[in-house]
Amino acid sequence: MLTVNAYGPTVTEPLVLLHGFPFDSRMWADVLAAMPRVGVLTMDAPGFGRSAPIDGGLEDYADAVAETLTARGVQRAVVAGLSMGGYVALALAERHPDRLAGIGLLDTKAQADPEPARQNRLRVADAALGPEGAAAVAPMIDVLTAPGAPAQVRATVTRWLEEAPPSGIAWGQRAMAARPDRLNVLDGLDIPGLVLRGSDDATASVADHEAMSRALGTDVVQVAGAGHMSAVEAPGAVAEALSDLVARVRHTG
Ligand code: MLT
């Protein structure tokens with residue numbers, strides 16, 4: 001079971017927010033502040049924030065999301081994830097499609113990693129468990145935020161990277177390295193979807209986002225001036241896009 005925090009009104013089909021790697025639910029704070037009237041659950045990934053580690057990969061994380069919803073009496077939810085959270089939303093769509101009322105894919109991709117990226121993840125995982133610890137993910141700061149991101153945003157993300165738990169870093173990197181291509185999962189989904197990217201996201205390309213939006217039959221929402229951490233860099237625009245997704249789910253439901 002994952003640690004959950006609830007915000008806003010209690011609703012039958014809440015918005016579930018899954019954070020990116022190697023962070024925790026604090027990542028969503030400014031987005032939550034910008035949409036007080038939406039019923040939201042945030043969950044910490046296994047081994048991050050206040051959630052206990054699990055054995056297995058992103059598929060087991062997706063199963064844990066489904067179990068956590070069941071424990072709260074929630075049958076269906078609008079599930080949105082940023083980057084690693086998006087990989088988990090896709091795994092949930094594959095394994096538990098009946099639990100999804102809508103899906104949000106933010107600064108993420110449906111394709112598996114190319115081999116060099118996979119090898120790099122395994123190297124970082126080993127390094128995090130050695131003397132380097134969380135310093136193994138310090139170089140990520142250069143690709144996480146847009147070049148013009150405010151110094152305060154960069155400082156916050158740098159601090160979160162320093163605080164990341166080494167065991168969680170190793171688990172997350174190995175789990176992400178093992179994930180398969182899930183673009184085809186989106187073809188089978190007939191629910192409202194959101195594909196969002198920071199215009200300056202250096203880790204997930206326009207082509208990645210367009211492939212997902214084509215499969216979902218929706219447009220890509222571009223957040224001007226934001227990088228990979230769109231939810232931290234431009235929380236108002238991300239809250240607006242998520243609120244619109246929730247409204248579309250209510251409208252079709
Ligand atoms: C994230 O923000 O979750 C990471 O960039 C995901 C990844 O390393 O692919």
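Me: Which residues are around the ligand?
Reply: This is a predicted model. In it, the residues around the ligand are G20, F21, S83, M84, M176, T203 and H228.

Me: How does that shell divide into nonpolar, polar and charged residues?
Reply: The shell has 3 nonpolar residues and 4 polar ones, with no charged residue.

Me: Staying with S83, where does it lie?
Reply: S83 lies in the loop between strand 4 (77–82) and helix 3.

Me: And is S83 buried or exposed?
Reply: S83 is buried, because 27 other C-beta atoms lie within 10 Å and 20 or more are enough to count as buried.

Me: What is the phi of S83?
Reply: Phi of S83 is positive, about 55°, although the residue is not a glycine. Most residues other than glycine have a negative phi.

Me: What about D107, what is its phi?
Reply: D107 is not a glycine either, and its phi is positive, near 45°. D107 is placed in the loop between strand 5 and helix 4 (115–129). With 28 C-beta neighbours inside 10 Å, D107 counts as buried.

Me: Back to F21. What kind of peptide bond joins it to P22?
Reply: The bond between F21 and P22 is cis, with omega about 0°. Most peptide bonds are trans. P22 is found in the loop between strand 2 (15–18) and helix 1 (29–33).

Me: Changing topic: which residues of helix 9 are buried?
Reply: In helix 9 (residues 206–216), the buried residues are D208, H209, M212, S213 and L216. They are on the same side of helix 9, because they cover an arc of only 125° around the axis. An α-helix has 3.6 residues a turn, so residues three or four places apart point the same way.

Me: Which residues are exposed on the other side of helix 9?
Reply: V206 and A207 are exposed there.

Me: And what covers the buried residues of helix 9?
Reply: The cover includes strand 5 (100–106), helix 8 (183–187), strand 6 (193–198) and strand 7 (220–223).

Me: Which residue follows helix 9?
Reply: G217 follows helix 9, and its phi is positive, near 70°.

Me: How many residues are in the largest nonpolar core?
Reply: The largest nonpolar core has 83 residues. Those with the most contacts inside it are V78, V79, V88, A89, V238 and L242. In soluble globular proteins, nonpolar side chains tend to be buried together.

Me: Taking V78, what does it touch beyond four places in sequence?
Reply: V78 touches E13, L15, V16, A101, G102, L245, V246 and V249.

Me: Where is A91, and what is it in contact with?
Reply: A91 is in helix 3 (residues 84–95). Leaving aside neighbours within four places in sequence, A91 is in contact with L58, E59, A62 and R182. A91 counts as buried, with 24 C-beta neighbours inside 10 Å.

Me: One more residue: is E233 buried or exposed?
Reply: E233 is buried, with 26 other C-beta atoms within 10 Å. E233 lies in helix 10 (residues 230–233). Beyond four places in sequence, its contacts are T145, A146, A149, V153, G198, A226 and G227.

Me: Finally, which residues does UniProt list for a domain?
Reply: The unreviewed UniProt entry lists residues 15–241 as "domain: AB hydrolase-1". Over residues 15–241 the chain is 45% helix and 14% strand, and the end C-alpha atoms are 12 Å apart.

Notes:
Residues are numbered from 1 along each chain as its sequence is written. This is a predicted model: local features need pLDDT of at least 70, side-chain atom pairs count only at pLDDT 80 or more; totals for chains, interfaces and linings use all residues. A residue is near a molecule or strand if its C-beta atom, placed from the backbone, lies within 6 Å of it. Ala, Val, Leu, Ile, Met, Phe, Trp, Tyr, Cys and Pro count as nonpolar, Asp, Glu, Lys and Arg as charged, and the others, Gly among them, as polar. A residue is buried if 20 or more other C-beta atoms lie within 10 Å of its own, exposed if 12 or fewer, and partly exposed in between; C-beta atoms are placed from the backbone. Helices (H or I, at least four residues) and strands (E, at least two) are DSSP runs, numbered from the N terminus. The arc is that of the directions from the helix axis to the C-beta atoms. Two residues are in contact if their C-beta atoms, placed from the backbone, lie within 7 Å. UniProt positions are given in the numbering used here, feature names are shortened, and annotations may be inferred rather than shown by experiment. A nonpolar core is a set of buried Ala, Val, Leu, Ile, Met, Phe, Trp, Tyr and Cys residues joined through C-beta atoms within 7 Å.
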